[in-house]
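Here's a short tour of a protein model. Have the sequence and the 3D view open, and follow along.

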Amino acid sequence: MKKFLLMAIVMMVSTSTFAQRETGAITLQPRLSIVAADFNNTSDTEARVGLAAGAEAEYYVSPSFGLSAGLFYAQEGAELKDLDITWKLDYLNVPIMANFYVWKGLALKAGLQPGFKVSSSMSSSKSSVKIDEGVNTFDLSVPFGLSYDFGRVCVDARYTLGLTKTFKGKEFDSKNITFQLGVGYKFSLK
């Protein structure tokens with residue numbers, strides 16, 4: 001029991017030490033997220049659930065403010081209600097975020113996220129068809145959310161609101177919207 005208490009105290013001290021960021025510190029955080037993606041301005045779609053995987057680096061301007069940039073492969077799109085059809089739109093997203101640490105380990109985040117289409121298709125249980133021509137290759141969005149650091153483990157929740165149209169042409173005015181819930185691990189680089 002004494003060993004357990006001693007280990008718990010050591011872990012709490014090392015966790016609180018890591019949570020106090022110094023000006024000029026840099027961290028790298030590989031992260032895996034569950035993504036629920038849909039299109040706005042439509043009532044006939046529902047969320048496509050996928051994954052986002054990548055890494056994010058953060059530079060601490062001060063102990064309570066950091067700037068981060070990342071690269072993530074994200075599965076987005078939407079499912080058509082009452083039909084066996086899924087729009088599969090996969091992107092390489094580059095979130096550039098301002099992180100405001102408002103309490104020990106708790107950060108509020110906001111920024112811009114350029115996204116570059118990697119693949120696009122419509123699929124059903126019977127077939128899949130590429131739809132590259134009708135989908136825009138660039139997607140700009142505004143991500144905002146919050147994260148909490150448990151020592152080096154970080155839980156991150158983000159909502160991303162699209163600014164650019166997902167599809168070419170005037171008949172579709174929809175933009176991507178996503179909600180992400182992820183877990184990452186922060187490595188100190190400096």
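Which residue takes a positive phi near 60° in the hairpin of β1 and β2? That residue is N41, and the hairpin has 5 residues between its strands.

## Before we start

This is a predicted model, where local features need pLDDT of at least 70 and side-chain atom pairs count only at pLDDT 80 or more, while totals for chains, interfaces and linings use all residues. Residues are numbered from 1 along each chain as its sequence is written, and side-chain values use heavy atoms, with hydrogens and water left out.

Strands here are DSSP runs of E with at least two residues, numbered from the N terminus. Two of them pair if DSSP finds at least two bridges between them.

Strand β1 (residues 26-39) runs antiparallel to β2 (residues 45-62), with 12 bridges joining them. To find your way, look for T27, which stands opposite E58 in β2. β1 is also joined to β10 (residues 176-185), again antiparallel, by 9 bridges; there, L32 has V183 as its bridge partner. Then there's β11 (residues 187-188), antiparallel to β1 with 2 bridges, where F187 sits opposite L28.

Most residues other than glycine have a negative phi. N41, in the loop between β1 and β2, isn't a glycine, yet its phi is positive, at about 60°. D82 isn't a glycine either and also has a positive phi of about 60°; look for D82 in the loop between β3 (65-80) and β4 (86-93).

Are these two buried or exposed? Buried means under 20% relative accessible area, exposed over 50%, and partly exposed in between (1.4 Å probe, protein chains only). N41 counts as exposed because its relative accessibility is 59%, and D82 does too because its value is 80%.

A cavity is a set of points, on a 1 Å grid over the protein atoms alone, where a 1.4 Å probe fits but cannot get out; lining residues have an atom within 4 Å of a point. Grid points are joined across faces, edges and corners, and the volume is the space filled by probe spheres set on them. The count comes to 2 cavities of 30 Å³ or more.

The largest cavity has a volume of about 70 Å³, and its lining includes R31, F72 and Q180. β3 and β9 (153-162) are the elements that give two or more residues to that lining.

Terms used: Helices (H or I, at least four residues) and strands (E, at least two) are DSSP runs, numbered from the N terminus. On a 1 Å grid over the protein atoms alone, a cavity is a set of points where a 1.4 Å probe fits but cannot get out, and a pocket is an open set with protein on both sides within 12 Å along at least five of seven lines; lining residues have an atom within 4 Å of a point.
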